[in-house]
Amino acid sequence: MKILVFGARGRVGEVLCTAAKEAGHELLTPTREQCDLTKPEEVSDFVLGSMADLVVNSAAISRVEECEEDALRAHMVNAMSPAAMALACRHTGARFIHLSTDYVLDGRKPGLKGVNARCKPVNTYGMSKAEAEIEIGESNAEALILRISWVCGNPAKPSFVEDVLSRALREQKVAAVVDQDSMPTHVRDVARVILSPQLKGVRGVLQVTSGGEPMSRYDCVQVILEHAGALGVLSKKPVVETQRLREVNCFRVPRPAHTAMDNSGVLALGILMPSGRECIRRAVEEYLLYTRN
Ligand SMILES: NC(=O)c1ccc[n+]([C@@H]2O[C@H](COP(=O)([O-])OP(=O)(O)OC[C@H]3O[C@@H](n4cnc5c(N)ncnc54)[C@H](OP(=O)(O)O)[C@@H]3O)[C@@H](O)[C@H]2O)c1
């Protein structure tokens with residue numbers, strides 16, 4: 001199959017491309033210099049000329065502060081270009097898979113959110129991603145939106161799991177937010193779902209996360225440190241400083257607090273997902289291997 005991947009050098013895109021290549025697919029991976037998502041017409045032309053069977057959009061301005069600083073750019077990259085991809089796919093008949101986020105939810109109430117939970121984002125990033133979901137839904141393309149959350153497991157593009165582990169290995173203090181929870185999700189599980197034959201013909205929105213109960217940042221830190229401790233790589237257990245979301249200095253923009261999504265839709269397709277704890281443990285081991293080599 002010929003797969004066009006936008007955002008191929010990002011945290012998810014990179015791992016997806018490796019998995020797709022291993023599975024024998026032909027890849028088309030434009031850089032932002034070759035196709036700039038601030039220009040939806042360029043994106044549309046690229047898809048129309050690509051002859052791709054499947055288009056995956058893993059590109060986004062994913063940094064929350066960056067979206068707030070330039071809302072127009074976030075709107076173009078995160079909403080208008082995905083909309084252009086969907087319309088172009090409708091024209092060519094290509095399948096379209098777009099990555100979205102738990103940040104489309106308002107996150108006010110604790111607990112696992114179903115796929116029909118109300119979307120009411122609290123920041124520009126979430127708004128731009130929610131807008132994309134609406135535009136893609138209205139495009140009538142053969143499209144599937146995968147909502148993912150708290151992605152970890154690409155050691156070359158560290159997420160919070162790798163950052164915490166890296167600090168702990170250097171005997172630095174670790175900060176852990178106690179009042180924000182979601183579902184950590186391993187990047188290779190996201191890639192596996194995107195490439196799985198069970199998605200054939202599935203349209204709409206699917207929540208692709210690990211399973212189990214919602215985990216706070218603090219819970220995640222505990223799993224990271226416990227597992228690293230059990231592997232014997234910590235010379236001493238680091239000091240863990242608990243924080244509330246509103247106390248995090250580098251967060252200048254609000255984040256939703258409770259955005260854990262249930263993954264029953266994926267399970268119903270016969271696709272297995274690990275627990276959040278398991279995916280963190282894998283990410284810890286992979287980061288240790290990566291930093292040793
Ligand atoms: N990471 C998470 O925890 C998480 C959670 C929920 C949802 N998501 C969603 O999952 C998707 C992938 O996330 P990620 O973590 O892999 O993101 P990422 O590491 O930030 O990668 C984003 C990619 O988008 C590309 N990009 C940004 N602006 C562009 C532009 N103007 N033109 C062309 N390409 C552009 C970047 O290109 P360069 O390589 O040139 O910089 C990069 O390859 C996104 O849709 C994100 O919203 C991620």
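This note comments on selected sites of a predicted model, taken point by point.

1. Ligand site. The ligand has 23 residues around it, and Arg 11, Val 12, Ser 62, Tyr 125 and Lys 129 come nearest. Val 12 also takes part through its backbone: one of its backbone N or O atoms is 2.8 Å from a ligand oxygen atom. A side-chain N or O atom of Arg 32 lies 2.9 Å from an oxygen atom of the ligand. With Leu 37, the ligand atom concerned is a nitrogen, 2.9 Å from a backbone N or O atom of that residue.

2. Asn 57. Strand β3 spans residues 54-57 and contains Asn 57. Is this residue buried or exposed? Asn 57 counts as buried because its relative accessibility is 0%, the limit for that class being under 20%. A polar atom of the Asn 57 side chain lies 3.0 Å from the backbone nitrogen of Ala 59. Beyond four places in sequence, Asn 57 touches Phe 6, Leu 37, Pro 82, Met 85, Phe 96, Ile 97, His 98 and Leu 99. Among these contacts is Leu 37, whose backbone also supplies an N or O atom 2.9 Å from a ligand nitrogen.

3. Second largest pocket. The volume of this pocket is about 200 Å³. By class, the lining has seven nonpolar, two polar and three charged residues.

4. Helix α7. Residues 187-194 form helix α7, which is mostly covered, with six of its eight residues buried. Those buried are Val 187, Asp 189, Val 190, Ala 191, Val 193 and Ile 194.

5. Arg 282. This residue is located in helix α10, residues 276-292. Which residues does Arg 282 contact, leaving aside neighbours within four places in sequence? They are His 186, Arg 188, Asp 189 and Pro 274; of these, Asp 189 is a buried residue of α7. Arg 282 and His 186 are 96 residues apart along the chain, yet their C-alpha atoms are separated by 8.1 Å.

6. Helix α6. Seven of the ten residues of α6 are buried, and the helix is mostly covered. The buried set consists of Phe 160, Val 161, Glu 162, Val 164, Leu 165, Ser 166 and Ala 168. These residues pack against β6 (151-152), β7, α8 (217-230) and α10. Helix α10 is also the element that holds Arg 282.

7. Positive phi at Glu 171. After α6 comes Glu 171, with a positive phi near 60°, although the residue is not a glycine. Glu 171 sits in the loop between α6 (160-169) and β7 (174-177). Its relative accessible area is 43%, and it is therefore partly exposed.

8. Positive phi at Met 51. Met 51 is not a glycine either, and its phi is positive at about 60°. The residue is found in the loop between α2 (40-48) and β3. Why does Met 51 count as exposed? The reason is its relative accessibility of 68%, since exposed residues are those over 50%.

Technical notes
Residues numbered from 1 in each chain as written. Predicted model: local features only at pLDDT ≥ 70, side-chain atom pairs only at ≥ 80, totals over all residues. Heavy atoms only, no water. Helix = DSSP H or I, 4+ residues; strand = E, 2+ residues; numbered from the N terminus. Buried < 20%, exposed > 50% of the residue type's maximum accessible area, 1.4 Å probe, protein only. Polar contact = N/O pair within 3.5 Å; in protein donor to acceptor, adjacent residues only side chain to side chain. Contact = heavy atoms within 4.5 Å. 1 Å grid on protein atoms, 1.4 Å probe; cavity = no way out; pocket = protein on both sides within 12 Å on 5 of 7 lines; lining within 4 Å. Points joined across faces, edges and corners; volume = space filled by probe spheres on them. Nonpolar A, V, L, I, M, F, W, Y, C, P; charged D, E, K, R; others polar. Near = heavy atom within 4 Å.
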